[in-house]
Amino acid sequence: MKRKINVRLCTRVAALVIAAIMLCIFTVSCGGSGALLKYGDNEISLSFYELMLSRMKGELARKKLDVESDSEFWSYTDASGKTREEYYGELVLDRCKNYLAALELFETEGLTLTDAELAAIDEEIAFYIEYDGQGSRNKLDAILSKYGTDTDGLREIYVIEAKYKKLMATP
């Protein structure tokens, strides 16, 4: 039995390595634009994915789970043989795919964001500049750099989310 577990583990690790290599090849082939997923004229950036992962991690931390220092948390394997790290990574990637499909539908349906909706996004970012960046856009950019983005990238992410919400609210 122990032999099968090791073979299964090796197979999973090999599959993850191959997937990581393919992901790297895919992102490199996108001309360095940082696109993780692309469909038509729409794309989901790697920074969007990273921010979504961070949000997921934050939600888990709010549930009092030790996601920062407990490596056992992420390496725990469920009955299907999937680690929590794999599970949550795939969950966030699926959400990103949903956002990408929503962006395409948003355009197909001829929807647009109003000036008021865009202004609300800009106000939220201004709040973060004031609160987290202590009034400095550069300081906020330094904080956001941990997630592979800056204030302009954050705005793009918020625009994508606003389009998704508007599409979901459309009858």
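A residue counts as buried when its relative accessible area is under 20%, and Thr83, with a relative accessible area of 19%, is therefore buried. The model discussed here is predicted. Thr83 is found in the loop between α3 (71–75) and α4, where, leaving aside residues up to four places away in sequence, Thr83 touches Trp74, Ser75, Tyr76 and Thr77.

**The chain as a whole**

The secondary structure of the chain comes to seven helices and two strands, and from the N terminus on these elements follow the order α-β-β-α-α-α-α-α-α. Of the 171 residues of the chain, 28% count as buried, while the chain exposes about 11,500 Å², of which carbon and sulfur atoms supply 57%. Among the contacts in the chain with a separation of 6 or more, 59% come from residues 24 or more positions apart.

**Helix α4**

The loop that holds Thr83 leads on to helix α4, which covers residues 84–108 and has 25 residues. From its first C-alpha to its last, α4 reaches 36 Å, close to the 36 Å expected at 1.5 Å a residue. The buried residues of α4 are Glu86, Tyr88, Gly89, Val92, Cys96, Tyr99, Leu100, Ala102, Leu103 and Phe106. An α-helix has 3.6 residues a turn, so residues three or four places apart point the same way. Just after α4, Gly110 takes a positive phi of about 75°.

Two packed helices are described by the angle between their axes and the distance between the axes.

| Helix pair | Crossing angle | Axis distance |
|---|---|---|
| α2 (residues 46–62) and α7 (residues 151–169) | roughly 75° | within 10 Å |
| α6 (residues 137–144) and α7 | about 70° | 9 Å |

The axes of α2 and α7 cross at roughly 75°, and that makes α2 roughly perpendicular to α7. In this contact, Ser47, Phe48, Leu51, Met52 and Arg55 in α2 meet Leu154, Ile157, Tyr158, Ile160 and Glu161 in α7. By class, the contact of α2 with α7 has seven nonpolar, one polar and two charged residues.

Helix α6 and α7 pack at an angle of about 70°, and are therefore roughly perpendicular to each other. Here the contact is made by Arg137, Leu140, Asp141 and Leu144 of α6 together with Thr151, Asp152 and Leu154 of α7. The residues of the contact of α6 with α7 divide into three nonpolar, one polar and three charged. Leu154 of α7 takes part both in the contact with α2 and in the contact with α6.

Definitions and conventions: Residues numbered from 1 in each chain as written. Predicted model: local features only at pLDDT ≥ 70, side-chain atom pairs only at ≥ 80, totals over all residues. Heavy atoms only, no water. Helix = DSSP H or I, 4+ residues; strand = E, 2+ residues; numbered from the N terminus. Expected span 1.5 Å × (residues − 1). Buried < 20%, exposed > 50% of the residue type's maximum accessible area, 1.4 Å probe, protein only. Axes fitted to C-alpha atoms, helices over the stretch in contact; angles between N-to-C directions. Parallel < 35°, antiparallel > 145°, perpendicular 65-115°, else oblique. Contact = heavy atoms within 4.5 Å. Nonpolar A, V, L, I, M, F, W, Y, C, P; charged D, E, K, R; others polar. Areas by Shrake-Rupley, 256 points an atom, 1.4 Å probe, with all protein chains shown as cover.
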